[in-house]
Amino acid sequence: MPAYGIKKYWDDRYDADGMGDEPFDWMCGWKQLSETVAPLIDDKNARILMIGCGNAPLSSDFWDAGYKNQINIDYSEVVIKQQKDRFPHMEWVVMDALNMTFEDGEFDYVFDKSLIDTMMCYEDGVETTEKLFLEMHRVLKPGGRLLQVSLHKEDEVDVFAASPGCSFIVTTCKLKNMKLYDDTPKQDLQNMALFHTFACFDKLDGLSEKDRDWVFSQHPLKLNGALSNQELAAMKVMIIEECSKSPRTRLWRDCTASNLVDCFDAVLEDWAKQFQPTEMSKLEEVGQGLQAIRKLDLAKGLEGFEEDQEEGSGGDDEGEEFVQVD
Ligand SMILES: C[S@@+](CC[C@H](N)C(=O)[O-])C[C@H]1O[C@@H](n2cnc3c(N)ncnc32)[C@H](O)[C@@H]1O
């Protein structure tokens with residue numbers, strides 16, 4: 001894995017002579033995020049901190065969407081200089097996210113896309129990420145919001161709500177990895193995450209008891225674009241179909257038969273909770289689900305994949321899905 005936790009890695013990567021100074025959005029950009037993010041920011045003039053901004057088009061897309069009261073920070077002076085040259089009308093500052101020079105409570109929103117993942121790659125990743133959360137919490141106003149997109153799973157992200165010194169309440173969801181549907185060469189599919197985690201943390205410290213209760217009552221938030229278990233299961237089937245087309249393919253580690261069974265169990269559990277026999281839409285949903293399950297005839301094909309894995313051609317790296325394939 002590249003040395004994501006080392007500053008020199010980022011400076012070299014952003015250097016025009018290095019891996020490239022081409023703008024790059026990790027995981028996803030504004031086009032996908034807008035339906036989830038826009039309803040969570042109720043004031044376009046709100047003060048927003050884009051933390052670990054890199055050269056992601058997201059910052060300028062945010063600006064173009066009307067969120068102009070934003071400041072972008074990154075500890076790589078290389079990328080900040082490039083971004084200043086590209087977008088001189090926007091605010092770009094070289095700053096360490098672990099030791100920010102902002103006053104307490106300066107921001108209504110902090111937006112983090114994948115800085116959390118980078119921090120998890122630092123030596124002492126968990127402790128460093130806790131420090132990051134403490135800093136983000138500090139610079140947020142009471143009732144301020146941290147919006148975050150991560151390659152880590154939901155339960156690996158929401159735990160940071162309880163980082164020492166923090167008073168966050170959090171709702172998370174899965175967002176479809178749209179790169180699965182773009183022009184990515186199909187042989188890469190099996191190495192790509194099916195979903196990314198989106199999290200919305202609300203800061204409680206400093207709120208009156210009444211406001212605190214109100215914020216509490218809003219969670220779990222209804223997040224637009226959240227991937228349902230049913231959609232997740234359909235995506236897994238799609239991946240298996242795609243992978244089975246290629247003559248020599250590794251097992252994609254989430255597509256084992258037992259993993260699919262777990263996934264369908266979760267879908268059926270959802271249905272059991274929601275099903276009202278009188279509701280036509282639910283009946284249709286069950287019909288679609290059954291069709292998806294029939295597709296599991298593909299499970300026969302899985303036997304071949306599993307043999308492949310036993311031969312040692314797959315499943316070699318735990319946590320691989322957290323590594324961005326770019
Ligand atoms: C995975 S990239 C994400 C870039 C961008 N947010 C995106 O979504 O495309 C992580 C970024 O965090 C920056 N970074 C890493 N550690 C940092 C720190 N301590 N303070 C500020 N920026 C940091 C890196 O320079 C890099 O630009």
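Two residues are in contact if their C-beta atoms, placed from the backbone, lie within 7 Å. Keep that in mind for helix 1, whose buried residues pack against helix 4 (77-86). What you're looking at is a predicted model, by the way.

Which residues of helix 1 (residues 7-14) are buried? They are Trp10, Arg13 and Tyr14. Looking down the axis of helix 1, you'd find these buried residues within an arc of 90 degrees, so they line one face of the helix. There's a general rule behind this kind of pattern: an α-helix has 3.6 residues a turn, so residues three or four places apart point the same way.

Stepping back, the protein chain comes to twelve helices and seven strands. Of its 326 residues, 31% are buried. Take the contacts between residues at least 6 apart in sequence: 73% of them join residues at least 24 apart.

Now for the cores. The largest nonpolar core has 50 residues, and Leu49, Ile51, Val110 and Met136 touch the most other members. Strand 7 (residues 195-203) gives the most to this core, with five residues. Another core, of six residues, lies apart from it, and Tyr14, Val78, Val79 and Ile80 are among its members.

Then there's the ligand, with 19 residues around it; Trp10, Gly52, Gly54, Ala56 and Lys113 come nearest. Here's how that shell divides:

| Kind of residue | Number in the shell around the ligand |
|---|---|
| Nonpolar | ten residues |
| Polar | five residues |

Note on methods. Residues numbered from 1 in each chain as written. Predicted model: local features only at pLDDT ≥ 70, side-chain atom pairs only at ≥ 80, totals over all residues. Buried ≥ 20, exposed ≤ 12 C-beta atoms within 10 Å, placed from the backbone. Helix = DSSP H or I, 4+ residues; strand = E, 2+ residues; numbered from the N terminus. Arc of directions from axis to C-beta. Near = placed C-beta within 6 Å. Nonpolar A, V, L, I, M, F, W, Y, C, P; charged D, E, K, R; others polar. Core = buried A, V, L, I, M, F, W, Y, C linked by C-beta atoms within 7 Å.
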